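Trainee: I have a new structure open. Can you walk me through the ligand site?
Mentor: Ask away once it is on screen.

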Amino acid sequence: MKVGFIGYGNMGSIMVRSLLCSGALDPENVMVSNRSATRMSSLKEHYPAVEQTTDNTVVARKSGLIFICVRSDQVDEVVREILPSLDPLAHVVLINGGVSMAEIQQNYGLKISKVIPSVTMEVGRGVTLICHGQVVEKGQKELLENMFGSVGPVKVIVEDCFDVGTYMTSCGPAFVAAFIEEFAEAAVRQGSFSRDEARAMVTETVLATAALMIERGKSSEEICHSVATRGGITEEGLKVLHRGLPSIFDEVVRVTLVKHEQS
Ligand SMILES: NC(=O)c1ccc[n+]([C@@H]2O[C@H](COP(=O)([O-])OP(=O)(O)OC[C@H]3O[C@@H](n4cnc5c(N)ncnc54)[C@H](OP(=O)(O)O)[C@@H]3O)[C@@H](O)[C@H]2O)c1
């Protein structure tokens, strides 16, 4: 079965390259279409066997599984364009937090799932969120979940949970990167380390802490407890974090949910 991707922008290209790189997809079975051909030129270099086109209806006609990787406001137009070319049994996948899967399913009668990927899939990590519409078949669900399982853990959820899930897993890499930046910048301002040194030290610390949690099963409480000796310097720093972080993250989740609703 051919797997088609419509839209080869930031997320479409990360998905195609990551799934090819993990071996979940065979280049011979992949088709990509994008509005502008130039965007796909690097794909041709690395994966010459992947079929490329600027005609979305060609992808729709030939593929049994089709990912629509355009921006939220472009989805409806693409669905209407490809609808006459789609096999009625084809499985269509959306990647947009702001597009209602139920609405698309109801309006167009498609077998539809939603996948919210994370840019971290490029390194085979990070959670992919998946939700299936009512008429998607068991085999189609399994195929999709196994495919994304090759680039990190998959969490199957109901559509109503996408907004909060997206805040953690899909927006998450940007939030963690911003946290690393501010953590390092505070050290840079003290004048002992260059920006590059501080970024490298903090990034390694974040990676190592995550490894302790994932590989050794340590909780954040256990890690805080083992580092922060009573009356020590870490304890003082943690007091500041516990005072400030809850309200910061409450605000971050609040604004992302508001935006999610508006999009
Ligand atoms: N970034 C993330 O971490 C992330 C995670 C999960 C989900 N998403 C979602 O992914 C969606 C896409 O985001 P993005 O950052 O990948 O956007 P993007 O970089 O703008 O990519 C959109 C691509 O779609 C192409 N396109 C637009 N209309 C088309 C049409 N009618 N036919 C064929 N191709 C068309 C564009 O082609 P041109 O080259 O001609 O402009 C562009 O390459 C967003 O809704 C976002 O919410 C993003």
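Trainee: What does R71 do at the ligand, in terms of distance to an oxygen atom?
Mentor: One polar side-chain atom of R71 is 3.5 Å from a ligand oxygen atom. A polar contact here is a pair of N or O atoms within 3.5 Å. This is a predicted model, where local features need pLDDT of at least 70 and side-chain atom pairs need 80 or more, while totals for chains, interfaces and linings use all residues. Residues are numbered from 1 along each chain as its sequence is written, and side-chain values use heavy atoms, leaving out hydrogens and water.

Trainee: Which backbone atom of M11 lies by the ligand, and how far off?
Mentor: An N or O atom of the M11 backbone, 2.8 Å from a ligand oxygen atom. S72 also has a polar backbone atom 3.4 Å from an oxygen atom of the ligand.

Trainee: How much of the ligand does the protein cover?
Mentor: 81% of the 930 Å² of accessible area that the ligand has on its own, by the Shrake-Rupley method with a 1.4 Å probe.

Trainee: Which residues come nearest?
Mentor: M11, N34, S36, N56 and N96, out of 21 residues around the ligand; a residue counts if one of its heavy atoms lies within 4 Å.

Trainee: New topic. How is the protein divided?
Mentor: Into domain 1 (2-159) and domain 2 (172-262), with bounds from an automatic or database domain assignment. Their centres, taken over C-alpha atoms, are 33 Å apart.

Key:
A polar contact is a pair of N or O atoms within 3.5 Å; within protein, one must be able to donate a hydrogen and the other to accept it, and residues adjacent in sequence count only if both atoms are side-chain atoms.
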